[in-house]
Amino acid sequence: MTQDKTIMTKIQKIEDTLVESMHKLDVLEKRLKTKLLTMESREELETKLEEIKQVLRTNEEKLKRLRKQNTKTFMVAACLVFACFLLYGLYLMIYGKVI
């Protein structure tokens with residue numbers, strides 16, 4: 001079994017799931033609009049519709065958390081790059097020669 005290790009792959013996987021769920025939601029809503037359904041099939045479709053809406057809410061929350069985590073990771077990387085340039089600039093000011 002391979003595990004998704006990067007945040008970006010997890011984000012992409014959840015976005016794909018969201019797109020698929022949205023498509024299923026649209027199809028179910030179109031089916032429910034027809035008047036040729038029995039009461040039993042209508043209730044079954046409404047149950048599926050609620051399940052898909054719950055999956056959508058869950059995945060949207062996961063996506064928000066992953067994007068927040070991705071932003072934090074980016075900020076750490078940006079700070080490290082800034083610190084490296086700062087240290088290199090101080091080195092140039094003190095010793096006056098390029099490495």
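Select Tyr95 first: at 55% relative accessibility, Tyr95 counts as exposed, where exposed means over 50% relative accessible area, buried under 20% and partly exposed in between, with a 1.4 Å probe and protein chains only. The model is predicted, so local features need pLDDT of at least 70 and side-chain atom pairs count only at pLDDT 80 or more, while totals for chains, interfaces and linings use all residues. Residues are numbered from 1 along each chain as its sequence is written, and side-chain values use heavy atoms, with hydrogens and water left out.

A search of the whole structure finds 1 aromatic pair. The ring centres of Tyr91 and Tyr95 are 5.1 Å apart and their planes stand at 45°, so the pair is tilted. Rings of Phe, Tyr and Trp (its six-membered ring) pair if their centres lie within 6.5 Å; planes under 30 degrees apart count as stacked, over 60 as edge-to-face and the rest as tilted. Tyr91 and Tyr95 are 4 residues apart in helix α2 (residues 39-95), which means about one helical turn separates them. Helices (H or I, at least four residues) are DSSP runs, numbered from the N terminus.

Now show α2 from end to end. Its 57 residues reach 84 Å from the first C-alpha to the last, close to the 84 Å expected at 1.5 Å a residue; the expected span is 1.5 Å times one less than the number of residues. After α2 comes Gly96, with a positive phi near 70°.

Next, pick out Leu45, Leu49, Ile52, Leu56, Asn59, Leu63 and Leu66, which are buried in α2. The buried residues of α2 pack against α1 (7-33).

Which residues does Ser21 touch, not counting those up to four places away in sequence? Select Ser21 in helix α1; the contacts are Ile52, Val55 and Leu56, with contact meaning heavy atoms within 4.5 Å. Ser21 counts as buried because its relative accessibility is 8%.

Move to Glu50, in helix α2. At 45% relative accessibility, Glu50 counts as partly exposed. Its C-alpha is separated by 9.2 Å from that of Leu25, 25 residues apart along the chain.

Finally, display both helices. The axes of α1 and α2 come within 9 Å and cross at roughly 155°. That makes α1 roughly antiparallel to α2 (an angle over 145 degrees). Axes are lines fitted to C-alpha atoms, for helices over the stretch in contact, and angles run from 0 to 180 degrees between N-to-C directions.

Methods. Helix = DSSP H or I, 4+ residues; strand = E, 2+ residues; numbered from the N terminus. Parallel < 35°, antiparallel > 145°, perpendicular 65-115°, else oblique.
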